[in-house]
Amino acid sequence: MPLADSAGVPILPGCHPDPTIERVGDDFYLATSTFEYFPGIPVFHSRNLRDWSPLGHAVDRPGQLDLTGVPSSGGLFAPTLRHHRGRWFLVCTLVHGSGRDGDFVLTADDPAGPWSDPVWLDAPGIDPSLFFDDDGRAWFTGTELVERDWPGQTVVWMREFDPVGLRLVGPRHDLWHGALTGAVWAEGPHIHRRGDWYYLLASEGGTEYFHALSVARSRAVTGPYEGHRGNPVLTHRHLGRGYPIQNVGHADLVRHGDDDWAAVLLATRPRGGADPLGREAFLVDVDWEDDWPVFLPGRGRLDALPAAGTGPGFPSPGEWTQVRTAVTGFWQADAAARTLRIAPTGTGPGGPGTPAFVGIRQRHHGFTLRGDLPPGAGIAARLRDDVLLVAERSEDGLVVMVTDGAPARELARVTLDPGVTGVSLGSDAETFSITVDGGDGPLAAVPAGLLSPARAGGFVGVWVGFTAHGGEPVTVRGIAYTGHPGG
């Protein structure tokens, strides 16, 4: 039964990359990467694969994992979520961690949490995955940079996993170097079984324009694996840079009927070359022919469809995140009152007193985020530590600044009547702008491409939210996020 009639609209809009999915009975669970944001690795639930509700986060306390020193686009990469005999497992990679990095496993009795502290694994490389076979044995796969024959060459490798002792055991098996000679950066190496065949999914080409999903199969879980003659089985790189959905890859399979299958994967929706939304999660149908998977059968691509608008509304408390985890408890979101209280004890290198940022994912190309700013508060769009647009309120008025990989520069400064507190950050897909309630047009604007991973680099999209930059806690009131139709 086809599910993805609207395969051009993300099931999780905004920056939700590297989706991983698991089914237990009639319930489906999904998790995604979060990089330097905390709490990290959101877990979602669905009964129909289209509509997803947040359950919580797998990483939700500083003592569990410390992201303090990770750089922008460092942190938590490519989780895999699996269930086995009543126990939940999540494997992930911490990149550029403060005290330790590498692959680890978390466990839980409930996908909503609480999740355990990490158990670190003797596993080189990134993008770990788990496969639990029908015979009770478990297998761990990952990718490692080898560059034996060409620059950027990786290998997908496997070892047996002990689900009780939470460790890798037995010999290593190298499974796959990619579908094409010269292919770089294989990622998302998931193993699935259908009948007597084991299938290895892996995406190569880098998680950008040349991203492409390939598949190989074997009668034995440890190989040897035979690549499909139709590889890559899904990509958009042949459609040109003007196609409205790009960077398709990093898929995970799920069965949703007796032999009905679907896949979640990532893709981007650029506008005019800018992709501030980052990599989003999509759902696609999967059929089988000659014991090979066919992604988006009869179509072979995600068709761009207009997204519905939303709001205005207050984001759910679970949507708000901070940057890194040096300090917690410095902010509280109140959905009923539509307020966000922030103390200037943020997570930057300056320690206590560092300007604090708390935000949500930009989910639409066209949007408006509004709030009543008291002195000491600000409203901001953040791509990286050094790429952001911010308007800060003081006793005298409002100053708008932009940082573009260099020291901040001032775009505008106005004096405001004390009774004027409403400030909006918005985008029309071409520019980001700052406006003041009752003002005559935007106070300042920058091109949308400035806040775009395609231009500035990195693995995350834009977060929009509020700051505290004075010496005292601030409360932003009247908060509302509106997503404009079509974006």
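Predicted model: local features only at pLDDT ≥ 70, side-chain atom pairs only at ≥ 80, totals over all residues.
1. Four strands form an open sheet in the order 10-11-12-13, and the pairing is antiparallel. Strand 10 (126–132) and strand 13 (167–176) lie at the edges. Each has a single partner strand, so one side of each lacks a neighbour in the sheet. On average, neighbouring strands here are turned by 25 degrees against each other, direction ignored.

2. **Strands 10 and 11.** Strand 11 spans residues 138–145 and runs antiparallel to strand 10, with five bridges joining the two. Ser 129 is opposite Thr 141, and Leu 130 is opposite Phe 140. The hairpin has five residues between the strands. In that hairpin, Gly 136 adopts a positive phi near 95 degrees.

3. **Strands 11 and 12.** On the other pairing, strand 11 meets strand 12 (residues 154–162) over eight bridges, again in the antiparallel sense. Thr 141 has Met 158 of strand 12 as its bridge partner. Thr 141 also stands opposite Ser 129.

4. **Burial of strand 11.** How many of the eight residues of strand 11 are buried? Six are, so the strand counts as mostly covered, with buried meaning under 20% relative accessible area.

5. **Thr 143.** This residue belongs to strand 11. Its relative accessible area is 2%, so Thr 143 is buried. The side chain of Thr 143 reaches the backbone oxygen of Ala 186 at 3.4 Å. Leaving aside neighbours within four places in sequence, the contacts of Thr 143 include Pro 124, Gly 125, Ile 126 and Asp 127.

6. How far apart are Thr 143 and His 365 in sequence and in space? They are 222 residues apart in sequence and 33 Å apart in space, C-alpha to C-alpha.

7. Another open sheet of four strands has the order 19-20-21-22, with antiparallel pairing. Its edge strands are strand 19 (246–255) and strand 22 (292–295), each pairing on one side only. Neighbouring strands of this sheet are turned by 35 degrees against each other on average, direction ignored.

8. **Strands 21 and 22.** Strand 21 (residues 280–289) runs antiparallel to strand 22, and four bridges join them. Val 286 stands opposite Phe 295 of strand 22.

Note on methods:
Residues numbered from 1 in each chain as written. Heavy atoms only, no water. Pairing = 2+ DSSP bridges. Axes fitted to C-alpha atoms, helices over the stretch in contact; angles between N-to-C directions. Buried < 20%, exposed > 50% of the residue type's maximum accessible area, 1.4 Å probe, protein only. Contact = heavy atoms within 4.5 Å. Polar contact = N/O pair within 3.5 Å; in protein donor to acceptor, adjacent residues only side chain to side chain.
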